[in-house]
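Here is a friendly walk through one structure, for a reader who likes cut-offs stated plainly. Please keep the viewer open while you read.

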Amino acid sequence: MNKCPTCHKNMSRAGLLYRCSTKTCETASWDKIEVQEKIKKFDKGSEKWKQQVNKILLEAGVELELRNKYYVYQLKMTGELKPRARLMEGIKLYVGETGLHPIHRYLHHILGYNTTTKSKAQELASSLVKYEGPYETRTEAKNKEKETSVALHKSGHEVYGNGLEKKFK
């Protein structure tokens, strides 16, 4: 991956993680094929699996221990847009909140760990495009997740995750 899918500037690579080289863009993208190759011989969720995930994160320069810090993050999703989002020139996004570093949580999504099949993030997430935080409480993060989801939906994006009320779906 040479160019950032968000701002089209150069990407740099650390371990299996590509990051946009500009300071104003937060886009990051895992090399999914290589990540799957490194992790496939371990049972998902096992201690050895978790050790391998932590090794991948450390090689990419991602913080592992974030205590009492919560984030809201946006994953860009691939796939055909629904008519409303197409008409409004939006994109497909998954919005979530986490107690992990957002790049760590994104890795969990693409590995199908602690994620629902309903979100389809494992198969459709192509990059982490933005994150906010840290917030001091999970309640603050959940409120921000909802606020972000609604704002993105109103601006024309196709939004998935727990933050969007049924009336918007």
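Buried means under 20% relative accessible area, exposed means over 50%, and partly exposed lies in between, using a 1.4 Å probe and protein chains only. Helices (H or I, at least four residues) and strands (E, at least two) are DSSP runs numbered from the N terminus. This is a predicted model, in which local features need pLDDT of at least 70 and side-chain atom pairs count only at pLDDT 80 or more, while totals for chains, interfaces and linings use all residues. Residues are numbered from 1 along each chain as its sequence is written, and side-chain values use heavy atoms, with hydrogens and water left out.

**Helix H4**

Let us begin with H4, which is mostly covered: ten of its ten residues are buried. Among them are Pro-102, Arg-105, His-109 and Leu-111.

Is His-108 buried or exposed? His-108 has 9% relative accessibility, so it counts as buried. His-108 sits in H4, which spans residues 102-111. Contact here means heavy atoms within 4.5 Å. Apart from neighbours within four places in sequence, His-108 is in contact with Trp-49, Val-53, Leu-100 and Tyr-113.

**H2 against H4**

The axes of H2 (residues 47-59) and H4 come within 11 Å and cross at roughly 130°. These axes are lines fitted to C-alpha atoms, for helices over the stretch in contact, with angles from 0 to 180 degrees between N-to-C directions. Angles under 35 degrees count as roughly parallel, over 145 as roughly antiparallel, 65 to 115 as roughly perpendicular and the rest as oblique. H2 and H4 are therefore oblique to each other.

On the H2 side, Trp-49, Val-53, Asn-54, Ile-56 and Leu-57 take part, and they meet His-104, Leu-107, His-108 and Leu-111 of H4. The residues of this contact divide into six nonpolar, three polar and no charged. In this count, Ala, Val, Leu, Ile, Met, Phe, Trp, Tyr, Cys and Pro are nonpolar, Asp, Glu, Lys and Arg are charged, and the others, Gly among them, are polar.

**Nonpolar cores**

A nonpolar core is a set of buried Ala, Val, Leu, Ile, Met, Phe, Trp, Tyr and Cys residues joined through side-chain atoms within 4.5 Å. The largest has 26 residues, and those with the most contacts inside it are Trp-30, Leu-75 and Leu-107. Elements that each supply at least two residues of this core include strand E3 (28-30), H2, strand E4 (70-77) and H4. H4 gives the most, with five residues. Leaving out residues up to four places away in sequence, Leu-75 touches several residues, including Tyr-94, Tyr-106, His-109 and Leu-128. A second, separate core has eleven residues, including Tyr-70, Val-95, Val-129 and Tyr-135.

**Backbone points to check**

Most residues other than glycine have a negative phi, and most peptide bonds are trans.

| Residue | Phi | Relative accessible area |
|---|---|---|
| His-8 | near 70° | 55%, exposed |
| Glu-89 | about 55° | 71%, exposed |

His-8 is in the segment before strand E1 (11-14), and Glu-89 is in the loop between helix H3 (83-87) and strand E5 (92-98). A cis peptide bond joins Gly-133 and Pro-134, with omega about 10°. Pro-134 is part of strand E6.
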